[in-house]
Amino acid sequence: MGKPEEVQFQVKKVFVLLRKNSKTFIPPAIDQIILEFGRDPFLILISCLLSLRTRDTTSVVISRKLFSRGHTPQEILAIPVHDLEKIFYSIGFFRAKARTIRSVCQELIDRFSGHVPQTEQELLSIKGVGQKTANAVLGYAFNIPALCVDTHVHQIANRLGWVQTRTPEQTEQALKKIVPKHYWIELNHLFVLWGQNICTPTRPYCSRCAIAHLCPKLGVIHSR
Ligand code: SF4
């Protein structure tokens, strides 16, 4: 990448184009949950945990089923374990997920009076909550600038040449240096949309990509 001001100019252009060209795409899971249930920090936290290593289409269905039984840590804990496992049955490691969700609810009650904390440090102190989930909750639930880096964000940022990193954790740190803070929350939204529809993990659709002229396609071997 070039000088910081050139990078920031490119970031701005990419955001303008992605916003304009992603309007008709199905929103990512987190946006669907917010549209349906409002910006409730607890529901956002739980749906983020359910979406880990799970396809969006599946995690949204599971979240809906779960939230039809309860909207608070107390209500989720009141669901019998057997019922909870039945709700989660279609996702991988459903028993482990049920255990995690229950222990997160218990910790929220024991340590935070049933509320979701608003700091990175406190969120990360909850067993089962990792960096990606903490950042998603900060950004989507509390509108606190945080860069939530999932596989799409990691991959697209590298293909664009904005970063040259091996892990999402490295990508988060590198992106923070070049992407202005006011873009952080939206970056996750736009790159996830783009990754699900155009810049797919394998054989991205470069021929119909609105930012192809700005992209060196680093690491892309086969595209469509
Ligand atoms: S040009 Fe290809 S690699 Fe670059 S962002 Fe678009 S789809 Fe992804």
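How many residues of domain 1 are in contact with residues of domain 2? In this predicted model, 11 residues of domain 1 are in contact with seven residues of domain 2. Helix 11 and helix 12 each supply at least two residues of the side of domain 1 that touches domain 2. The biggest contribution to that side comes from helix 12, with four residues. Sorted by class, this side of domain 1 has seven nonpolar, two polar and two charged residues.

## The largest nonpolar core

Now look for the largest nonpolar core, which has 60 residues. Among its members, I44, L45, I46, V137 and W194 touch the most others.

Leaving aside neighbours within four places in sequence, I44 is in contact with I30, I33, I34, V137, Y140 and A141.

## Helix 9, wrapped by others

V137 is also one of the buried residues of helix 9, which runs over residues 131-142. This helix has 12 residues and reaches 16 Å from its first C-alpha to its last, close to the 16 Å expected at 1.5 Å a residue. Because 10 of the 12 residues are buried, helix 9 is largely enclosed by the rest of the structure.

What covers those buried residues? The cover includes helix 2 (29-37), helix 3 (41-51), helix 8 (120-124), helix 11 and helix 12. Just after helix 9, N143 takes a positive phi of about 60°.

## Helix 10 and its cover

Helix 10 spans residues 151-159, and its buried residues are H152, V153, H154, Q155, I156 and A157. Helix 11 (168-178) and helix 12 (184-197) are included in what covers them. Just after helix 10 you will find G161, with a positive phi of about 80°.

## Around the ligand

Finally, visit the ligand. There are 14 residues around the ligand, and C199, P204, C206, C209 and C215 come nearest. The shell divides into 11 nonpolar residues, one polar and two charged.

Terms used: Residues are numbered from 1 along each chain as its sequence is written. This is a predicted model: local features need pLDDT of at least 70, side-chain atom pairs count only at pLDDT 80 or more; totals for chains, interfaces and linings use all residues. A residue is near a molecule or strand if its C-beta atom, placed from the backbone, lies within 6 Å of it. Ala, Val, Leu, Ile, Met, Phe, Trp, Tyr, Cys and Pro count as nonpolar, Asp, Glu, Lys and Arg as charged, and the others, Gly among them, as polar. A residue is buried if 20 or more other C-beta atoms lie within 10 Å of its own, exposed if 12 or fewer, and partly exposed in between; C-beta atoms are placed from the backbone. Two residues are in contact if their C-beta atoms, placed from the backbone, lie within 7 Å. A nonpolar core is a set of buried Ala, Val, Leu, Ile, Met, Phe, Trp, Tyr and Cys residues joined through C-beta atoms within 7 Å. The expected span of a helix is 1.5 Å times one less than its number of residues.
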